[in-house]
Amino acid sequence: MHGEYKVPGGKLVVVDVEVEDGVLRHVRVAGDFFLEPDEALDAVDRALEGAPSDTDAAGLAARIEAALPAGTVMYGLTPEGVGIAVRRALARATDWTDYDWQLIHEGPQAPALHMALDEVLTAEVAAGRRPPTLRVWEWGAPAVIIGSFQSLRNEVDPRGAARHGIEVVRRISGGGAMFVEPGNTITYSLSVPESLVQGLSFQDSYAYLDDWVLGSLAEMGIRAWYQPLNDIATDQGKIAGAAQKRLVGPGGGPGAVLHHVTMSYDIDADKMVEVLRIGREKLSDKGTGSARKRVDPLRRQTGLAREAVIDRMIESFRARYGLSRGEVTDAELARATELARTKFADPGWTARVP
């Protein structure tokens, strides 16, 4: 069995392993990491040899740490990363480059339709009728998007939303509220087969699916990192928030993961705090004193037009994994349009948690 895992902000770890009588055998760890002294690599292999095959990533990491020679130094590698690579091998996880990725980047669309497209396209990936897809959104109207489990009245000031013409929609994923205006945010979705995140914990899957965009930001001169559970941050503040939803496949078979991210390009923070009920306690637990600091915009950090940032992100993804241009099919659009009408534009759904 073969497993690969790129340590967030680090290097690729590759594991080849067999299972005999319920334990790991013939373990070989490799990769483009740096490790001193040389004999530390043999120690890693020996630590994993004979481990019960149901040992979780943390347990495998503990075995490695206990076996490393004194003074071992790892660059781009962690014991946890090796453990995750082993678990991915045992789960027969797939890799980004195993797929023919498709890009969807179409014109502005209504907020409710965006919510529906996420659900429909991810369901199509789960059913095997659509390849893994990167979809970049263009917003047809300003909106607040609340998480699946958030209280509508606790998150949104209805008078502020009405005053500024802000539509409120509820998405299918968890997480917090997002304030968006056309031209002021960058939003994208990844609809991926469940096998891509096999062997990863829920938290690790966020870091794994965000890693490509961290690399893209680095190419634009921004040092960004994944901040558990679902934020992308820089030394100047938070710039993005992610959310996920897992959909089962037909007949309860292997499904797909929806991972979507909204990035702050040039947020009107004063308007945002009139629409969202962002209290002092919520801001203080993020280590910030004002909403304006909390949503530090990409425009100031990159000096690039929004369209240029998007183009660079797309090209970075294409260079890593390959990416061909696609579109929402007529059948997908018809289903999404109906779902937007019957679910995401329905006040009953929006207020399902009052």
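This is a predicted model: local features need pLDDT of at least 70, side-chain atom pairs count only at pLDDT 80 or more; totals for chains, interfaces and linings use all residues.
Colleague: Which residues make the nonpolar surface patch of about 300 Å²?

Modeller: One member, Val73, has its place in strand 5, which covers residues 73–75. Val73 has a relative accessible area of 33%, and patches are made of residues with over 30%, so Val73 can take part. The nonpolar patch is made by Phe34, Val73 and Tyr75.

Colleague: Which helix gives the largest share of the lining of the second largest pocket?

Modeller: The second largest pocket holds about 250 Å³ of space. Of its 16 lining residues, the closest to the centre are Tyr5, Glu80, Gly81, Ile84 and Asp204. Two or more residues each come from helix 2 (57–67), helix 3 (79–90) and helix 7 (202–219). The largest share, 4 residues, comes from helix 3.

Colleague: Which elements each supply at least two residues of the lining of the largest cavity?

Modeller: Rolling a probe the size of a water molecule over the atoms shows where empty space is left. The count comes to 1 cavity of 30 Å³ or more, and about 50 Å³ of space lies in the largest cavity. Its lining consists of Leu134, Val136, Ile186, Thr187, Tyr188, Trp212, Ile310, Met313 and Ile314. The elements that each supply at least two of the lining residues are strand 7 (133–136), strand 11 and helix 12 (306–321).

Colleague: Is Ser195 buried, partly exposed or exposed?

Modeller: Ser195 lies in the loop between strand 11 (185–193) and helix 7. Buried means under 20% relative accessible area and exposed means over 50%. Because the relative accessibility of Ser195 is 23%, this residue counts as partly exposed.

Colleague: Is Glu124, which meets Arg129 in a salt bridge, buried or exposed?

Modeller: Side chains of opposite charge can pair when their charged atoms come close. The side chains of Glu124 and Arg129 meet at 2.8 Å, N to O. Arg129 counts as exposed at 59% relative accessibility. Glu124 has 7% relative accessibility and therefore counts as buried.

Colleague: Which residue forms a salt bridge with Asp231?

Modeller: Asp231 is buried, with a relative accessible area of 5%. The closest N and O atoms of this salt bridge are 3.4 Å apart, and the cut-off is 4 Å. The partner is partly exposed, with a relative accessible area of 21%, and is Lys238.

Colleague: In which helix do Arg318 and Glu315 both lie?

Modeller: The side chains of Arg318 and Glu315 meet in a salt bridge of 2.3 Å, N to O. Arg318 counts as partly exposed at 28% relative accessibility, and Glu315 counts as partly exposed at 44%. The two residues are 3 apart, about one turn of the helix, and both lie in helix 12.

Colleague: Which residues are linked in a network of salt bridges?

Modeller: The structure holds 14 salt bridges. Among them are the pair of Glu124 and Arg129 and the pair of Asp231 and Lys238. The residues linked in a network are Lys6, Asp211 and Arg320.

Key. Residues are numbered from 1 along each chain as its sequence is written. Side-chain values use heavy atoms; hydrogens and water are left out. Patches are made of residues with over 30% relative accessible area and no salt bridge: like charges are joined within 9 Å, nonpolar side chains (Val, Leu, Ile, Met, Phe, Trp, Tyr) within 5 Å. Accessible areas come from the Shrake-Rupley method with a 1.4 Å probe; for residues, only the protein chains shown count as cover. Buried means under 20% relative accessible area, exposed over 50%, partly exposed in between (1.4 Å probe, protein chains only). On a 1 Å grid over the protein atoms alone, a cavity is a set of points where a 1.4 Å probe fits but cannot get out, and a pocket is an open set with protein on both sides within 12 Å along at least five of seven lines; lining residues have an atom within 4 Å of a point. Grid points are joined across faces, edges and corners, and a volume is the space filled by probe spheres set on the points.
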